[in-house]
Amino acid sequence: MNTLGQLFLTTLWIFLLISWLIVLFYILADIFRDHKMSGFLKAVWIFFLIFVPFLTALIYLIARGKGMQERAQKQAEEIKKAQDDYIRSVTGDAASPADQIAQAQKLLDSGAINQDEFNKLKAKALG
C-alpha cells in the first residue's frame, strides 16, 4: 500500500525525469542544428553528454544558451516563411488588393459582373 508521501515522491521523480529528457533532447537538437560547429566538436559534446550528462548539460546551457535561443528563433522564422510561401502558392492569392480591385473593375466594365458583385469583390480585397 502506497502512502501519500510515496505517491508525491514518485510523481516528483517522474516530473524530474521528463524534464531532464526534454533538456537533453533540446541540447541534442541544438547541437545538430548548429551548422557552424564542426563535426568533431559535436562528437565531443555528445560523448560528454553520454558519460557526464548533468555537468555537460549545465555547461552547455551556460556556455551556449544564448546561441540556442537565436538558432531556435531563426529556425522558427524560416519555418514560418516557408509555410507562408506555401500557403500563398496554394491559394493563388499573390495579387495585391489593388490588383484584385483592378481585375474586378475590368469585369465590371466588360459587363461580366454587376455593381453589387463588384462592391463585394472590392470589400473582400480590402479585407
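Helices H4 and H5 run roughly antiparallel to each other, because their axes cross at roughly 175° and angles over 145 degrees count as roughly antiparallel. The model is predicted.

**Helix pair H4 and H5**

- H4 spans residues 97-110, and H5 spans residues 115-126.
- Their axes come within 9 Å.
- On the H4 side, the contact uses Pro 97, Gln 100, Ile 101, Ala 104, Gln 105 and Leu 108.
- H5 contributes Gln 115, Phe 118, Leu 121, Lys 122, Ala 125 and Leu 126.
- The residues of this contact divide into eight nonpolar, three polar and one charged.
- Lys 122 is the charged one.

**Arg 64**

- Arg 64 sits in helix H3, which covers residues 53-91.
- Its side chain makes a polar contact of 2.3 Å with the side chain of Asp 34.
- Neighbours within four places in sequence aside, Arg 64 is in contact with Asp 30, Asp 34, Met 37, Trp 45 and Arg 71.

**Largest pocket**

- The lining includes Arg 33, Asp 34, His 35 and Lys 36.
- Glu 70, Arg 71, Lys 74, Gln 75 and Glu 78 also line the pocket.
- H3 supplies the largest share of the lining, five residues.
- By class, the lining holds seven charged residues, two polar and no nonpolar.
- Two lining residues, Asp 34 and Arg 71, are also among the contacts of Arg 64.

Key. Residues numbered from 1 in each chain as written. Predicted model: local features only at pLDDT ≥ 70, side-chain atom pairs only at ≥ 80, totals over all residues. Heavy atoms only, no water. Axes fitted to C-alpha atoms, helices over the stretch in contact; angles between N-to-C directions. Helix = DSSP H or I, 4+ residues; strand = E, 2+ residues; numbered from the N terminus. Parallel < 35°, antiparallel > 145°, perpendicular 65-115°, else oblique. Contact = heavy atoms within 4.5 Å. Nonpolar A, V, L, I, M, F, W, Y, C, P; charged D, E, K, R; others polar. Polar contact = N/O pair within 3.5 Å; in protein donor to acceptor, adjacent residues only side chain to side chain. 1 Å grid on protein atoms, 1.4 Å probe; cavity = no way out; pocket = protein on both sides within 12 Å on 5 of 7 lines; lining within 4 Å.
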